[in-house]
Amino acid sequence: FPRITFDDAKKIIKEKYNYVAYKADDFERKEEDLICKYAKEQFNSDFVFVTNFPYSARSFYVMKDEKGITQTYDLLFKGIEVTSGAQREHRYDILKNQIIEKGINPEELQFYLDFFKYGCPPHGGFGFGLARIMMQIFEIDNIREATYIYRGPTRINP
């Protein structure tokens, strides 16, 4: 799948499609659509990885470089994000500082920090949206139609 950095994707969206989003540090739904359109036109791919998101748009546990660029990605498929992933921060002191940077009391996450206290190997993770990918594969307009038992703000119990 093609890979495009977040900054390059924003430039492409602005220059090629003359669209400027309200959010500077993340994508709006329309931008996901446009960058997928670009990937289809340029690479003949329904998928595109967008990498290196700004830290302001990501969680405290992601790894970032000295410029604040994260080691993260979103995988977009036919106009929507189907998964996000990241190399996770594994160094205790940096992780604790990032919790503080995000305005969270580290005492509230001490249970999490304890996993890293005595050392943790470099690692990563991702969250996969099965319903989203099914929705796109079968060209279903509403995610509720692609979900076995939909749970939402107005539907908590089956």
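Strand 1 (3-5), helix 2 (29-43) and strand 2 (47-51) are among the elements that cover the buried residues of helix 1, where contact means heavy atoms within 4.5 Å. Welcome to this predicted model, in which local features need pLDDT of at least 70, side-chain atom pairs count only at pLDDT 80 or more, and totals for chains, interfaces and linings use all residues. Residues are numbered from 1 along each chain as its sequence is written, and side-chain values use heavy atoms, with hydrogens and water left out. Helices (H or I, at least four residues) and strands (E, at least two) are DSSP runs, numbered from the N terminus.

**Helix 1**

- Helix 1 covers residues 6-17, twelve residues in all, and spans 16 Å from its first C-alpha to its last. That is close to the expected 16 Å at 1.5 Å a residue, the expected span being 1.5 Å times one less than the number of residues.
- Its buried residues are Phe-6, Ala-9, Lys-10, Ile-12, Ile-13 and Tyr-17; buried means under 20% relative accessible area, exposed over 50%, and partly exposed in between (1.4 Å probe, protein chains only).
- Viewed down the axis of helix 1, these buried residues fall within an arc of 160°, so they line one face of the helix. The arc is that of the directions from the helix axis to the C-beta atoms.
- An α-helix has 3.6 residues a turn, so residues three or four places apart point the same way.

- Strand 3 (residues 72-77) is largely enclosed by the rest of the structure, because five of its six residues are buried.
- On one side, strand 2 and strand 3 run antiparallel and are joined by five bridges; two strands pair if DSSP finds at least two bridges between them.
- Strand 3 also pairs with strand 4 (residues 80-88), in the antiparallel sense, over six bridges.
- Asp-74 in strand 3 stands opposite Val-50, and the bridge partner of Asp-74 in strand 4 is Ser-84.
- Two residues lie between strand 3 and strand 4 in their hairpin, and Lys-78 in the turn has a positive phi of about 50°.

**Gly-129**

- Gly-129 sits in the loop between strand 5 (123-128) and helix 5 (130-137).
- With 19% relative accessibility, Gly-129 counts as buried.
- Gly-129 and Ser-84 are 45 residues apart in sequence, and their C-alpha atoms are 8.9 Å apart in space.

**Cysteines**

- The structure has zero disulfides, a disulfide being a pair of cysteine sulfur atoms within 2.5 Å.
- Cys-36 is buried at 7% relative accessible area, while Cys-120 is partly exposed at 23%.
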